[in-house]
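Good morning, everyone. Please bring up the structure, and we will walk through some of its packing, its sheets and a few backbone details.

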Amino acid sequence: MSKNIDLQQEGIQVKKSACYFCHQNCGVLAYVKDGKVLDIEGDPDFPTNQGGLCCRGNIAMDHLDHPARVNFPLKRVGERGAGQWQEISWDQALTEIAEKLANIRDEFGAEAVATAGGTQRTDDWARRRFMNLFGSPNGFHNSHLCWIPTFMVETAIYGWCPFDLDLGSSRCLVLWGQNPGVSGMPEIHHIMELKEKGLKLIVIDPRYSETAAKADMWLPIRPGSDLALALAWLHVIIYEGLFDPEFTDEWCVGFGELAEHVADFSPEWAAPLTWLTEEQIRESAIMYASNKPGNIQWGTSIDQIGKPAGAAMHARALLRAITGNLDVPGSDLLTGPSLEYVTDEEMEANDQLPEEQKAKQIGSDKFKMVTWPGYSRIAELTKEVWGKAPTAEWMCEAHPPSVFRAILTEKPYPVKALLVSATNPINSYGETKLTLAALKAVEFMVTCEYWLTPTAMLSDYVLPIAGALERPTITSSYGCADFLLASQRAIQPMYERRNDYNFWRDLGVKLGQKEMWPWETVEDAYFAKIEPLGYGVESYDEFVENHRFHFPEREYQKYKRIGFATPSRKVELYSSTLEALGYPPLPPYIGPAENETDDPEIAAEYPFVLTTGGGHMPYHHSEHFQIKTLRFLSHEPYMSMNPAAAAKLSIEEGDWVWIETKRGRIKQKANLTQAIDPRVIFTPRGWWYPERDMRDPELGGCLESNTNILTSCDDDDCDPMSGSWANRGLLCKVYKVTAENEKEAK
Ligand code: SF4
């Protein structure tokens, strides 16, 4: 129990709260007296963190009442970006925002209002419900980079996407572009415990990461060449007879076509594309296929390679299938949605959005897997087999770069308003110059935030949002898993802060949606979700205090009872769903968005391969740069390059360097490390400088070290299935910052 609080003091309550600073949502105990949080610590009874909190989790008290927090609704009174605000009431803000949105809908149609979101730590179903009732299909997140394309492609192949790993009895774990040694504290502890018991660990990562250092095999792959590796693994596993013939015969369709398809994708073929040796490719494929059961941990790096992303997800999914590592003990589990509690999808009111509005979703004509065409088909199949569909928020969204282009060009139609919640698109979305131009051009922008971020600074209204200790939360993994973890608010929101749920509900009420929002508080809504679980509780808080978790009994090999949620009810190695949507039914080889083989002229000018987007402690995406104790741990942006490559460019440790792609350049400091291939550059994401002038054009230095300036959202560089853009595997050059070149405009 708390080290700093005398629990014998009268009136101290212990609240079961959660950390909100990354997706792990670790359990927190908050010690509260007279409506004030006295201290927090990790909840020892929480199944994931078991009492631990990382450096981010431990700054919750600093975050709660930080002097830079937005505490009152703000209305812009000066020029956009000038930082002149008037404090107003919530009622005034919501009335004026509702009036403006209604006018835009009358003049341009509901689709002219879009929303941008961030990581899933808000009530996304509430945002979706609002948008469905308002009539717009144009909600989006950074979901295209964050597992959602993987979910949809894998669901097309075997009817759901493994989210839950049954690691306990696994014999081999593949971490594909994942570094839980930095990004997932509870995960890495568990993996290390299992490793001591004999778990084989394969880490695929261009960098010799904290996790790679613990691996049995480390594959230092060329960034963006994951598809070539996955195809070669399929080749080895099939042609060396390491597949599971019982499973492929009985439960898969298209094995013959797949075997023929991968005949040429040998390790010899893949070695030059991946920069791995033939032996590394063969040995690692054998290690995965022969140590069964095994897992390929879910992760997001493949979602971020742009053009080859969809095919790479497809090929990776086939690896699980042909080895039979699906839904058996110790493998990757297809839990399906929960049939016991009300899922997010059931709260979204997707049936309220008319078909003609769905058809207007921006990007759905080009990128069909995570927009209405693909989602409708997947939802139909999963409802037939599982009884429920995956959540539409995240899985079925407008294509963000295309929305930004629509703001600038009015094509395919005008987008006039953007509601931003829990994100800072200038630092977190791709191709920053495009995003920034759109945010400056959009007629009306509202941002719900903790801080005055660069994006908030360009807004017409900024609304103060409650943080982790001020709000309850349910973690049910986007509705993709069947368990549920529940937490309560430690205190009511301070100052004039509100839950994002209340923002969407109250705005909806102002726009005539009252009947569709029967839950006045977020606890009322959560109670409606958990009530069918049958715990006999009278309120959501009572559920948290007495139960807190719901883990259903594990049922393995559910496919034997219900089949796979595909048209054939089998694993479709040859995918009829992808084929029907106009995509290749087997994964073709597609090179990285920019590469030395297909683009020799670009490679001549930009000789390094860039990888961006990796998580870096102590930050989460573009968050926490204001928190001094965290900034102390990482106070300046450091890119990584090999000392041998640096020496050729006369770059020394700590020098400021430019990293430049065809799209622009950024400035970071050089960290010289043997842990990276001499041909590769790594840049951390998210950087901005809240201590600088936050007014336009400085906007907290949001263009100076922001790696998203280097990425590409060009349609041709995007994955044709999902539209995910290229964050990794692009070509770049590096040179020292000098007084002269600093003056050059780029
Ligand atoms: S930031 Fe750290 S403490 Fe908080 S949820 Fe994530 S891993 Fe847990």
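Let's start with a pair of helices. Helix α7 passes α10 in a left-handed crossing. Keep in mind that this is a predicted model. Where do the two helices sit along the chain? α7 covers residues 226-239, and α10 covers residues 267-274.

How are two packed helices described in general? By the angle between their axes and the distance between the axes. For α7 and α10, the angle is about 160 degrees, and the axes are 9 Å apart. Angles over 145 degrees count as roughly antiparallel, so α7 is roughly antiparallel to α10.

Which residues make this contact? From α7 we have Ala228, Leu229, Leu231, Ala232, His235 and Val236. From α10 come Pro267, Trp269, Ala270, Leu273 and Thr274. Sort them by class and you get 9 nonpolar and 2 polar residues, with no charged ones.

Stay on α7. This helix has another partner, α11, at residues 278-290. Here the angle is about 65 degrees, and the axes are 9 Å apart. That makes α7 roughly perpendicular to α11. The crossing of α7 past α11 is right-handed.

On the α7 side, the contact uses Leu229, Ala232, Trp233, Val236 and Ile237. On the α11 side, look for Ile281, Arg282, Ser284, Ala285, Ile286, Tyr288 and Ala289.

Follow the chain on from α11. The loop between α11 and β13, a strand at 294-296, holds Pro293. Look at the peptide bond from Lys292 to Pro293: it is cis, with omega near -5 degrees.

Most peptide bonds are trans, and most residues other than glycine have a negative phi. There are further places to check on that score. The bond from Asp696 to Pro697 is cis, with omega near 10 degrees. Pro697 is in the loop between β26 (680-683) and β27 (728-736). Then there is Ala349. Ala349 is not a glycine, yet its phi is positive, at about 60 degrees. Find Ala349 in the loop between α13 (344-347) and α14 (355-358).

What is the strand order? Zoom in on β7 and its partner β6, residues 113-117. β6 and β7 pair in the parallel sense, over 2 bridges. In one of the pairings, Ala116 has Phe140 of β7 as its bridge partner.

α2 (residues 90-108) and α21 (residues 500-510) meet at an angle of about 60 degrees, with axes 9 Å apart. That makes α2 oblique to α21. The crossing is right-handed. α2 brings Trp90, Asp91, Leu94, Thr95, Ile97, Ala98 and Leu101. α21 brings Phe503, Asp506, Leu507 and Lys510. By class, that contact has 7 nonpolar, 1 polar and 3 charged residues.

How many bridges join β1 to β2? There are 6, and β2 spans residues 27-33. Among the partners, Lys15 has Ala30 in β2.

Last stop, the ligand. Which residues surround it? They are Cys19, Phe21, Cys22, Gln24, Asn25, Cys26, Leu53, Cys54, Arg56 and Gly57. By class, this shell has 6 nonpolar, 3 polar and 1 charged residues.

That's the tour. Thank you.

Technical notes. Residues numbered from 1 in each chain as written. Predicted model: local features only at pLDDT ≥ 70, side-chain atom pairs only at ≥ 80, totals over all residues. Heavy atoms only, no water. Axes fitted to C-alpha atoms, helices over the stretch in contact; angles between N-to-C directions. Helix = DSSP H or I, 4+ residues; strand = E, 2+ residues; numbered from the N terminus. Parallel < 35°, antiparallel > 145°, perpendicular 65-115°, else oblique. Left-handed = near helix turned anticlockwise from the far one by under 90°. Contact = heavy atoms within 4.5 Å. Nonpolar A, V, L, I, M, F, W, Y, C, P; charged D, E, K, R; others polar. Pairing = 2+ DSSP bridges. Near = heavy atom within 4 Å.
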